[in-house]
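Subject: Structure handover

Hi,

Here is the structure for you to look at. My notes follow below it.

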Amino acid sequence: MSDRNQCLKENFIHFVNSYDLPELSCQLTPEQVGLTAAELVDLFETQVMSRHLDLHSRVMQKQGQSFYTIGSSGHEGNAATAKAFRSDDMAFLHYRSGAFTIQRGKQVDGQTTLYDMLLSFAAAKDDPISGGRHKVLGSKALAIPPQTSTIASHLPKAMGAAFSIGLANRLEHQGEMPNDSVIVCSFGDASSNHSTAQGAINSAAWAAYQSIPMPIVFVCEDNGIGISTSTPTGWVEANYKDRAGLTYLTCDGLNLLDTYRVSQQAAKIAREKQSPVFLHVKLIRLLGHAGSDAEFVYRKPDQIVANEHNDPLLHSARILLENNILTAEQIVAIYQNIAGRIEAIANEVVKKPRLNSAEEVMASIVAHSVESKAVVVSEQKRQDLFKHEKHNLDKKQHLAKLINWTLMDLMAQHDNVVMLGEDIARKGGVYNVTTKLVEKFGKNRVLNTLLDEQSILGGAIGLAHNGFLPIPEIQFLAYVHNAEDQIRGEAATLSFFSKGQYSNPMVIRIAGLAYQKGFGGHFHNDNSFAVFRDIPGLIIACPSNGEDAVELLRTSVKLAEEQQRIVVFLEPIALYMTKDLHQENDGLWTFPYQAPVKEKVENEMSVSVTGTGTDLCILSYGNGYYLSRQAEKELTEKGINCRVVDLRWLAPLDETGIVEQVSACDKVLIVDECRQTGSISEALMSLIIEKSDAKAPGSVQRLCAQDSFIPLGSAAYHVLPSKDDIVNLASKMCEKV
Ligand SMILES: Cc1ncc(C[n+]2csc(CCOP(=O)(O)OP(=O)(O)O)c2C)c(N)n1
Ligand SMILES: [Mg+2]
């Protein structure tokens, strides 16, 4: 087929000049929807700008100057949606929201939105939102956090952000978002089927059904197709029209007046009733899915031509002509002038430098540091807080209790900390780790969520957008996998794609790893956290004992707060209630609770070491460390002098500390309770080979779990490293069998 870019560009002028314009779906006048003539012209200009950005980005791509041409053509009516919202209503946008972004740019003084967007198209370093890292729609000044192009993955955080507005009001929290703001988020019709979209919309409705404020408008931009797959006629409406807790509105997205009218209604319901709205906007997609998409493969030529004749810009031209606001000549002049203007800006931006070193690219993986807002809690207040434990506070405790007390203190020190998860409130979690927190801090700070990990993690991102410091909990490690993209694709990339302007700090508590007695199966004993290990910037902490847990959890919250980091705090379930190390009642795995002190700890993310032996260095963490400590005793009795290193921080590894310990010993045994494949043992092996003095062959060995899932009951121990396995292998390595 002929170059549709060029056809679309020229046809507009031809159709306007010949008054060959599509029928309007309704006979609204600008006055009826509250728009002046000037405002309507302004919206039309926005549409034209968005269109020429699309058209020109394809020209740029052909010249090797633009790298991602997914556009907004057919969706330009979202200019009117933008106008129906305030510029401080945070917007999480679909990738076809060029016109929305431009229109919002006009609502805020001093913006150079076209220039900025073209910088982004050209991947120029000066692109103010991503610094040349991606073509993303976004702007800090416009309250548009940038989105990745993973469809629907931004809906859970939009839901969380909406929830955070009501929460901030209830807690009198001074956040980033005004108390009376609403959240707007948009997505496509095919995306509305995604479990992530379904989950987020369901969560919003679930909250609204219980009268929990949820000021959000879900804008479904329904162009009837997802890449090449048609959405069944009427499906979106049938699917969303009668959902409990959700108001369904619909409009003709090709008609600016109707879109503005209904978008205003949607914004009003969300703002005044604080309840969620599903705004179903019916429109079309022009120019294929993206520049690389050969639309003629799945759409007949006459369909393509008919679609182009239904161009929303032609609808707008008709409205302007019918209402005697502009003449055809004036419309064409606007169209051509804007084309020239965009070309001129594009010619400037392509001269701008791009990122040209790994250092530059990676500079925004971690956001900027901020001042801590932690308060010192008075002794009196602490006594009140721990009143129910006053007879136990000076006794040694196991891991679960010490985590619980640490959380108690942290919540008192940081009034923006909010915990959320399944069964964490009244029940106190499956293992009582969050027990009593809801009694002390109330149900607005310790939230029982619905059963949806995507909503828990995405919800946490949304809370963080509004200045909260969330501590979401995932009940079992295996249950993070259905929602991992919220960490991997969303939370972890936000700073990267926003040049550090947006961040979503949080500490994600996850109960996990194996060795649970009496509670089996691979879901409850999942021994793999490989999914987190390669996420740039992510921190992973894993305490093996209560004393370390206190320190690690405090440091995790500090890193989240001051460095805006995302921390995964992995809690070994099997050690929660463990009290003894070598024999019953020795109490060696219980520890005293130290009240928080303000002083800074020096090397906060370091390994810890037990023993000074030089025959063998055992590197381990979590349950493996506990077993290694048991083995250490037997090894010592056999005359093998070892030291046992607890990694504690699994990402980033304390490389210097590890190399120092390894270098002091003849042999190294890595004890890893996770699978041989994909476990941290692989990284440790590489580290030792790359960075420590060469060791003789065989002097560095791994003892890992088998590449198996964990079965029920005692069968589990066949695939997990045991104390005896450690003793046997270490003895063999040290030739003292
Ligand atoms: C999770 C995920 N799966 C698949 C894709 C690939 N993909 C990108 S856009 C798209 C179609 C989306 O269609 P729709 O939601 O209707 O939006 P439209 O492009 O039509 O505006 C698909 C399948 C993706 N980006 N993310
Ligand atoms: Mg679509």
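Which atom pair puts an oxygen atom of ligand 1 2.4 Å from the side chain of S191? On the ligand side, the oxygen atom; on the S191 side, a side-chain N or O atom. The cut-off for such a polar contact is a pair of N or O atoms within 3.5 Å. The protein covers 74% of the 580 Å² of accessible area that ligand 1 has on its own (Shrake-Rupley method, 1.4 Å probe).

First, the conventions. This is a predicted model, where local features need pLDDT of at least 70, side-chain atom pairs count only at pLDDT 80 or more, and totals for chains, interfaces and linings use all residues. Residues are numbered from 1 along each chain as written, chains are lettered from A and ligands numbered from 1 in written order, and side-chain values use heavy atoms, without hydrogens and water.

More on ligand 1. A backbone N or O atom of A190 sits 2.9 Å from a ligand oxygen. A polar backbone atom of I151 is 3.2 Å from a ligand nitrogen. In total, 17 residues surround ligand 1, with H94, Y95, R96, D189 and S191 the closest (a heavy atom within 4 Å).

Now the magnesium ion, ligand 2. Its protein donors are D189 (OD), N223 (OD1) and I225 (O), at 2.0 to 2.1 Å. Donors here are N, O and S atoms within 2.8 Å of the metal (3.2 Å for Na, K and Ca); water is not among the atoms, so sites may look incomplete. D189 is buried at 1% relative accessibility, and I225 is buried at 7% (buried means under 20% relative accessible area, 1.4 Å probe, protein chains only).

Best wishes

Methods: Buried means under 20% relative accessible area, exposed over 50%, partly exposed in between (1.4 Å probe, protein chains only). A polar contact is a pair of N or O atoms within 3.5 Å; within protein, one must be able to donate a hydrogen and the other to accept it, and residues adjacent in sequence count only if both atoms are side-chain atoms.
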